[in-house]
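Trainee: I would like to learn how to read a model like this one. Can we go through some features together?

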Amino acid sequence: MARYDLVADLHQCVNDLERALGRLRATLESQPLLIARVFSLPPIEKGREHDPITQIEVEQHLGEAARDMALNHYCRLFMQYQSEKLSTKAAVRLPGAICIECDDAMEQAITAQVDEVNQLKALLEKLITVDSGLPSEARFEFVHHHFRGLITLNAYRTVSLLQAPDSLRFGWANKHVIKNVTREEIMEKLDKSLKAGRSQAPWSREQWAQKVQEELESVRALPTSARLKIKRPVKVQPIARVWRADEKKQTQLACPSPILVLCRDRTQVPVLGELLNYDADNIAYRHKPAAEQLYLLIPRLHLWVDVPV
């Protein structure tokens, strides 16, 4: 896709998304609010995005104030909507839920509006991460050149919609993202990085090229039988546990934004739990399996291998 066409499509997508979010907000404001409970978390300041998190203090909000916070949160795409001191690289999280009363016709209308919003979010992510053809390290500069202040993590994040579960309880997830990869995939990634001719601070372009070349050689030197994994730690995330008694089934959802719950009337309002403060020193694991022995090969890629290096 030509760069001019891509930028035009991006502007169209962002404009469409803002309008769709505005319509969704107006619809939800027009419907009776049954119950709302959201939990604000401490903001992340610029330059502190990668600080380790050991404690998180939660502040609870209820009723119409919680609903208004939720709707503002859905519509927050640009940093202009928040303090200049806050990071645009860290998405603002607002776990919780808002429960809206609606009949069959309105449920269909709201579901269609949420689908439209989420489809536009998926399109925006595809335009930036796939159609642009840019490596991940170049996307931030590209996006902010054309959309100053766009918080991509907020823009990509979908709106979760549920039809009246029996209960919604909240907690924390602290885990790793693990992905099996091949030598060829990693070598291709490193080769692309070399050909891009860029650098990363604090290295010069020549120093960075040398570093990437050494990483490439270390992967080439592995035995063909070696198994590689990307094992990347994920910062602690708020989650929701959804319980449906008729199915005797609990489902766990990521909950960075308030979950939108649609109910016929007050008899369908789910039990909404609390989100307690997070304390890394007091985590109770139900089951923690023994970890496989792995060796760190390329720290910046979180690349591990099952043979000593």
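Trainee: Is Ala280 buried, partly exposed or exposed?

Mentor: First, the ground rules. This is a predicted model: local features need pLDDT of at least 70, side-chain atom pairs count only at pLDDT 80 or more, and totals for chains, interfaces and linings use all residues. Residues are numbered from 1 along each chain as its sequence is written, and side-chain values use heavy atoms, with hydrogens and water left out. Now the terms: buried means under 20% relative accessible area, exposed over 50%, and partly exposed in between (1.4 Å probe, protein chains only). Ala280 has 26% relative accessibility, so it counts as partly exposed. Ala280 sits in the loop between β13 (278–279) and β14.

Trainee: How do I check the length of a helix, say α6?

Mentor: The expected span is 1.5 Å times one less than the number of residues. Helix α6 covers residues 183–196, which is 14 residues, so it should span 20 Å. Its end C-alpha atoms are 20 Å apart, which agrees.

Trainee: Which residues of α6 are buried?

Mentor: Start with the general idea. An α-helix has 3.6 residues a turn, so residues three or four places apart point the same way. In α6, the buried residues are Arg183, Ile186, Leu190 and Ser193. Seen down the axis of α6, these buried residues fall within an arc of 95°, so they line one face of the helix. That arc is taken from the directions from the helix axis to the C-beta atoms.

Trainee: Which exposed residues are on the face of α6 turned away from its buried side?

Mentor: Glu184, Lys192 and Lys195.

Trainee: What covers the buried residues of α6?

Mentor: Here we use contact, meaning heavy atoms within 4.5 Å. The cover includes β7 (176–181), α7 (205–220), β8 (228–233), β14 (295–298) and β15 (303–305). α6 lies across β7, β8, β14 and β15, and runs at about 100° to β7. Such angles run from 0 to 180 degrees between N-to-C directions, with axes fitted as lines to C-alpha atoms, for helices over the stretch in contact.

Trainee: In what order do the strands β7, β8, β14 and β15 form a sheet?

Mentor: Pairing comes first: two strands pair if DSSP finds at least two bridges between them. The order is β7-β8-β15-β14, in an open sheet with antiparallel pairing. β7 and β14 stand at the edges with a single partner strand each, so one side of each has no neighbour in the sheet. On average, neighbouring strands of this sheet are turned by 35° against each other, direction ignored. β14 and β15 pair over three bridges. Within that pair, Ile298 has Leu303 in β15 as its bridge partner.

Trainee: How many residues lie between β9 and β10 in their hairpin?

Mentor: Four. β9 (residues 237–244) and β10 (residues 249–254) pair in the antiparallel sense over six bridges. Trp243 has Gln250 in β10 as its bridge partner.

Trainee: What does the side chain of Asn118 lie 2.9 Å from?

Mentor: A polar contact is a pair of N or O atoms within 3.5 Å; within protein, one must be able to donate a hydrogen and the other to accept it, and residues adjacent in sequence count only if both atoms are side-chain atoms. A polar atom of the Asn118 side chain lies 2.9 Å from the backbone nitrogen of Val159. Asn118 is in helix α3 (residues 104–131) and is buried, at 17% relative accessible area.

Key:
Helices (H or I, at least four residues) and strands (E, at least two) are DSSP runs, numbered from the N terminus.
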